[in-house]
Amino acid sequence: MALQRADSLFSEGQYAVALPAYKQQVWQQRRASPELLLKMAYAQQQLGHYPAALLYLSLAQAREPRVRTWRQLATLAAQHRLVGYPITWQQELRVQAQRYYYPGLQLLLGGALVSAIWLLWRRSPRTAWVGYAVYLGLLGAYLHFLRPKPAGLVARAGAALMGGPSAGAAWLSTAAIGDRLLVLGRQDIWYRVQWQQRVAFVREADVLVVE
């Protein structure tokens, strides 16, 4: 009932009134459909809250990768001169691959299981098992290269990018709120991120990780 009321307010353009009910669905009840997240992003954008709009667009993109959503993200980021949102055909191809990553993974794993049972049942020769090993190698490459990587959205102005996981490490740059950094790993209170084709470290308190 509350969600229907919020939808009605949203359609009337009363975004500030509709948002509390939407936030309750997302952050308290954990019911975050891509459609709801896109509505929240639009509402936040209309209210002039671009960091929140980027967050909800990123959450929607993580749950259901779409080229259209990515273009919205990139356009909004470009308006505020943020980094980490490439608008290239390679990125759009990557988004399409991420959209079908899990269905494709299920299909490949199912094929691996069926093939193994078949080879065992037929007592296949060694050459057949070599082919199966090649298939597993391709499956491993699929897992390694196409697996969606988490991204961190900078949530604090003046977030420092360091050359190492220490406050005493070399300072590399300062990130702006909303900058997007691919997360490569974590070390203590630091995230290891990709920044301008190199590795940098940022405090975990300075970023929101979207997976």
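This is a predicted model: local features need pLDDT of at least 70, side-chain atom pairs count only at pLDDT 80 or more; totals for chains, interfaces and linings use all residues.
Residues are numbered from 1 along each chain as its sequence is written, and side-chain values use heavy atoms, with hydrogens and water left out.

Stay with Pro 148 and display its contacts (heavy atoms within 4.5 Å): setting aside residues up to four places away in sequence, Pro 148 touches Gln 98, Tyr 101 and Tyr 102. Gln 25 is 123 residues from Pro 148 in sequence, and the two are 25 Å apart in space, C-alpha to C-alpha.

Next, select α1 (2-11). Ala 6, Leu 9 and Phe 10 are buried in this helix, and, seen down the axis of α1, its buried residues fall within an arc of 100°, so they line one face of the helix; the arc is that of the directions from the helix axis to the C-beta atoms. The cover over these buried residues includes α2 and α3, whereas Gln 4, Arg 5 and Ser 11 are exposed on the other side of α1. After α1 comes Gly 13, whose phi is positive, near 85°.

From here, go to α3 (residues 34-46) and pick out Gln 44. Gln 44 is buried, with a relative accessible area of 4%, and, not counting residues up to four places away in sequence, Gln 44 touches Leu 19, Lys 23, His 49, Ala 52, Ala 53 and Tyr 56.

Now turn to the nonpolar cores, each a set of buried Ala, Val, Leu, Ile, Met, Phe, Trp, Tyr and Cys residues joined through side-chain atoms within 4.5 Å. The largest has 33 residues, of which Tyr 22, Leu 37, Met 40 and Tyr 85 touch the most other members. At least two residues of this core come from each of α1, α2 (15-28), α3, α4 (50-63) and α5 (67-79), and α4 gives the most, with seven residues. Centre the view on Tyr 85, which, leaving aside neighbours within four places in sequence, is in contact with residues including Trp 70, Leu 73, Leu 153, Gly 178 and Arg 180. A second, separate core has 13 residues, among them Val 154, Ala 175, Tyr 191 and Val 202.

Two loop residues come next. Arg 81, in the loop between α5 and α6 (89-99), has a phi near 55°, a positive value in a residue other than glycine, and counts as exposed at 78% relative accessibility. Asp 188, in the loop between β4 (180-187) and β5 (190-195), has a positive phi near 60° and is likewise a residue other than glycine; at 64% relative accessibility, Asp 188 counts as exposed.

Finish at α8 (residues 126-146), where Leu 138 lies and counts as exposed at 58% relative accessibility.

Notes:
Helices (H or I, at least four residues) and strands (E, at least two) are DSSP runs, numbered from the N terminus. Buried means under 20% relative accessible area, exposed over 50%, partly exposed in between (1.4 Å probe, protein chains only).
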